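Dear colleague,

I am passing on a structure for you to look through, and below it I have written out what was found in it. Please keep the structure open beside this message while you read.

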Amino acid sequence: MLKNAPNKLGGNRYKVQTLSQMGGASCGDTVRRMMRRIGTYGVWFQYSLVGRKRKRVFKTLDICNVIIKACINTHTNATERDVETSIADMLKNAPNKHGGNRYKGGEARIHVHHIAESDMTNNENSGEPGAWHTAESSLMSI
């Protein structure tokens, strides 16, 4: 899946620089931000770091090395092992997140504030004051 993805951005150097700019408070936070930028939980629940439980191996993908280098660039005191541990934690918890195969929370919802009928441009249910509507999540690619 990710292994056969086309290389639109050129070399890994550009990818490392781009992901390094994402930042984060800790190594784990940075890894989670990077991986959410690259793919969705619907993709990540299919992987584990070393391929346990009949999952795909994440460590052999080129993007794994890119994430490791980018995280070490961002957090100079982080080691490769720290980054791998953070990646493994992210992959381990992906099935329980929105889009994962064990997600139990239902759809993400956004509360729409009271809007006057004259301000509405859409005649659908979106005009009901205090109505709940599902939110769509988009995949941002680097």
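Where in the chain is Arg54 found? Arg54 is in the loop between E1 and E2, where helices (DSSP runs of H or I, at least four residues) and strands (runs of E, at least two) are numbered from the N terminus.

Before going further, please note that this is a predicted model, in which local features need pLDDT of at least 70 and side-chain atom pairs count only at pLDDT 80 or more, while totals for chains, interfaces and linings use all residues. Residues are numbered from 1 along each chain as its sequence is written, and side-chain values use heavy atoms, with hydrogens and water left out.

Confidence comes next, given as pLDDT, which is the predictor's confidence in each residue on a scale from 0 to 100. The mean pLDDT of the chain is 77, and 67% of its residues reach 70 or more. Over residues 108-142, however, the pLDDT is below 50, although this stretch has 37 contacts in the model beyond near neighbours in sequence, a contact meaning heavy atoms within 4.5 Å. Where pLDDT is low, the predicted coordinates should not be read in detail.

As for the overall build, the chain has five helices and four strands, and from the N terminus on the order of these elements is α-α-α-β-β-α-α-β-β. Of the 142 residues in the chain, 32% are buried, where buried means under 20% relative accessible area, exposed means over 50%, and partly exposed lies in between (1.4 Å probe, protein chains only).

If you leave aside neighbours within four places in sequence, Ile87 is in contact with Val31, Met35, Leu49, Phe58, Cys64, Ile67 and Ile68.

Ser20, in helix H1 (residues 12-20), is buried, with a relative accessible area of 19%. Not counting residues up to four places away in sequence, Ser20 touches Ala70, Asn73 and Thr74, and its side chain reaches the backbone oxygen of Ala70 at 3.4 Å. Ser20 and Ile68 are 48 residues apart in sequence and 10.0 Å apart in space, C-alpha to C-alpha.

Finally, let us return to the loop. Lys53 also has its place in the loop between strand E1 (47-48) and strand E2 (56-57). Most residues other than glycine have a negative phi. Lys53, although it is not a glycine, has a positive phi of about 55°, and Arg54, likewise not a glycine, has a positive phi of about 60°. Lys53 counts as exposed at 77% relative accessibility, and Arg54 is exposed with a relative accessible area of 88%.

Terms used
A polar contact is a pair of N or O atoms within 3.5 Å; within protein, one must be able to donate a hydrogen and the other to accept it, and residues adjacent in sequence count only if both atoms are side-chain atoms.
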